[in-house]
Amino acid sequence: MLRLLVVEDLPDSADSMAILLQLWGYQSAVVYDGERALEVAAAFRPAVVFLDIGLPGIDGCEVARQLRRLPEMGTTLLFAITGYGREADVQRCKEAGIDRYFLKPVDPLELRQELREVEQALFLPPDRI
Amino acid sequence: MVDQVNILLVDDHEASLLALEVILQPLGQNLVKARTGKQALHLLREHDFAVVLLDIRLGDMNGFEVAQTLRAQQRSQHTPIIFLTAYESEDFPPAKAYTLGAVDYLVKPLVPEILRAKVAVFIDLFQNLRLRQSERRLRALLENAWDGVSLLAPDGTVLENIPDNLHRLGYSQEEYIGHRGFEFIHPDDQPAVQEAMAQLLQVPGAKSKRQYRLRRKDGSWCWVEAIGTNLLHDPAVRAVVVNYRDIDSQKQLEYELRRQAEELAEAHRQKDQFLAMLAHELRNPLAPLLTGLHILRQPQTTPEAQEQTRAMMERQLHHVSHLVDDLLDVSRILRGKVQLRRERLDLGKLVRTEAEDRRAVLEQAGLDLLLNIPTTPVWVMGDPTRLTQVLNNLLDNATKFADRGRKVTVQLAADVEGRQAILSVRDEGIGIEPELLSRLFSPFLQADRSLDRPRGGLGLGLALVKGLAELHGGTVEASSTGPGRGAEFTVRLPLEREPPALSEAPAAAPTPGKHLHILVVEDNQDAATSLRLLLELLGHEVQVAYTGPDGVAAARQWRPDVVLCDIGLPGLDGYGVARELRLNPTTARVRLLALTGYGAEEDHRLSREAGFDHHLVKPADPMELQRLLEVS
């Protein structure tokens, strides 16, 4: 079962995302700020981290940079999910080591397709209920 | 090269004229001949002559008469006369000739060398006079022209200067001449000017143009444009000639234009940033709404999860509506399009009720709400909806910036002497930087993005508070003793003196459970269907029409109690539908409710004029809709 970490400071966004991921059959965890994301990620070893960029304290790009330095995060994919859609914002995410960039609101079906591709890439059978 | 001068030869004998011509030819001047006195006087009126050689005996008049007349003529007043005569005569004594202004009296036969030498003296005199005149004229030109001229030695020492230039800068000749010109140039401009001068000195006749600042005597700087010309090789000049033009006002204008351009660019940058932030803020609630829809769609979602999701979606939808309302409100307030519905009201009661309503939200955020409101009424003339908005925005602000576990204090006082109601909201949060206080109320200006953004909102709340307070004839100010020390926002509104004459009438109790026939006219199928479902749930009978003409037809046929009508409709718009229904006796008395996305004052007026009883702005609050239907 794919482990996914949701990092998002708006509780409604974070919680609903985690619920939907669970309904799809994934194991998901939620944190509401960057510091907590760094603590949890090392232990939880998620396959994908969904990362909001406008976070209080350490912002999403900085979180991405620090996650990339963790040895446990070698194969982890970082997906930015953000409301900032300017060219400069995308560029900043790329430089921070983010693999995919999604503009809010993301179509959940598109996200699900992405996750299936991740699963196939990891040679895991897709998890269905 | 000095121009030729005119010499007038006057004699009635052709041979004599010819002889004079031969003698004077080598002088290389312009020899003009006259054979009569009259002709000579005419020429002297028309032209300038360096000297007149005048024979005493002429055909028409004698030389003395000619001399007298030419002296009386303005032009020839000072023209030198050399009298020529064949012999000394008693009729024409030399002494008399000199009194008439002759400079010489020569008796023929003439010695050519002597005559030439004498005439040459007068040519020289005349040429010098002409030079002096032209020099005076040039100087007058330079002195009266604005621009200044300096002559500089190769090392930059000022040799000569047209004074007027110096008067403008405030120096006397002594303070300038003999000094190095570079001393007066702005230190920042000196290297460029020195370099230009060095290049100029290398090529005779070269020109160089530069703009730089010259120090005035009072220490201020004057922008000039200078053109230097290397005339060191010209033996008559032997200097670098520098022409100045004052371009100070031009530079001021340039500076002003540049400043305006920068301001515009800054405004553009702010707008850009605001739009990016607006997109971010609108996308934020859309994300969980979309996620929520998918959760509800999953068959395995538990009833608890469904309920939780619905509540979340309601919150987020409310949040989006709130953002859109704020945005439109700010735009309307900035354009002065908001009209207050003012009434005499007890601000104490309003603040107490609204603040208590918000207590739960604040407590959820870990904040303790303290109220300090007098029990006696605080009367103001105000729009209750707008004053509630002021209080709510201030409380929102406090909630965003206060730290958990701290207090938020709402205080109201009536300053009877100052005739002011003073409402303040104080938090114990992160406080405000002093330089930010003044900018806090301007819309679209986010103070510190990194700090403000994660706390959410468009940053329009305070701009709205200011606009609304001012519409009420009041003021708002922010104070903070600094970062980390909390902040206090104080709104002052004019206090009403007398208490109201009448006590409030009790509100009419709604009659529940009314069963109505309702026609929904709405072209958006989803909106029409959801409205139909809601109204049916409330126990009413509902029909739907999707165009204006269908709506009018259905109303005539079915005769509903209420028509809920969209404004933007195909075929016939909502205003048209209302007019049609009001005109037809069968539908004239129907209750007409407009339901539209247009919420401006102007739209309310238009729908009233078209015959609507009420104007509801989308998304309509179901509670409000129910209340309106119950009084139908």
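These notebook entries record what I looked up in a predicted model.

**Entry 1: strand 3 of chain B**

I began with strand 3 of chain B, residues 51-55. I checked burial, and 5 of the 5 residues are buried, so the strand is largely enclosed by the rest of the structure. I then went through the two faces separately. On one side I found B:V51, B:L53 and B:D55, on the other B:V52 and B:L54, and all are buried. Both faces of the strand are therefore covered, with buried meaning under 20% relative accessible area.

Next I looked up the strand's partners. Strand 1 of chain B, residues 6-10, pairs with strand 3 of chain B in the parallel sense, over 4 bridges. Opposite B:V52 I noted B:L8. Strand 4 of chain B, residues 81-85, also runs parallel to strand 3 of chain B and is joined to it by 4 bridges. Here I noted B:I82 as the bridge partner of B:L53.

I also followed the chain from strand 3 to strand 4. Together with helix 3 of chain B, residues 63-72, these two strands make a β-α-β unit, and the unit is right-handed.

**Entry 2: the second largest pocket**

What volume does the second largest pocket have? I read about 490 Å³. I counted 14 residues in its lining, and those nearest the centre are B:E135, B:L138, B:R139, B:L142 and B:L151. Helix 5 (112-144), strand 6 (149-152) and strand 7 (158-161) of chain B each give two or more residues to this lining. The largest share, 4 residues, comes from helix 5 of chain B. Sorted by class, I have 9 nonpolar, 2 polar and 3 charged residues in the lining.

**Entry 3: aromatic pairs**

I counted 7 aromatic pairs over all chains. B:Y171 sits in the loop between helix 6 (163-169) and helix 7 (173-176) of chain B, and B:F184 in the loop between helix 7 and helix 8 (190-202) of chain B, so the pair ties together parts 13 residues apart in sequence. Both residues are buried.

B:Y176 is buried, as is B:F184.

In chain A I noted a cluster in which ring pairs link A:F50, A:F79 and A:F102.

Conventions. Residues are numbered from 1 along each chain as its sequence is written. Chains are lettered from A and ligands numbered from 1 in the order in which they are written. This is a predicted model: local features need pLDDT of at least 70, side-chain atom pairs count only at pLDDT 80 or more; totals for chains, interfaces and linings use all residues. Side-chain values use heavy atoms; hydrogens and water are left out. Buried means under 20% relative accessible area, exposed over 50%, partly exposed in between (1.4 Å probe, protein chains only). Two strands pair if DSSP finds at least two bridges between them. A crossover is right-handed if, with the strands pointing away from the viewer, the path from the first strand over the helix to the second runs clockwise. On a 1 Å grid over the protein atoms alone, a cavity is a set of points where a 1.4 Å probe fits but cannot get out, and a pocket is an open set with protein on both sides within 12 Å along at least five of seven lines; lining residues have an atom within 4 Å of a point. Grid points are joined across faces, edges and corners, and a volume is the space filled by probe spheres set on the points. Ala, Val, Leu, Ile, Met, Phe, Trp, Tyr, Cys and Pro count as nonpolar, Asp, Glu, Lys and Arg as charged, and the others, Gly among them, as polar. Rings of Phe, Tyr and Trp (its six-membered ring) pair if their centres lie within 6.5 Å; planes under 30 degrees apart count as stacked, over 60 as edge-to-face and the rest as tilted.
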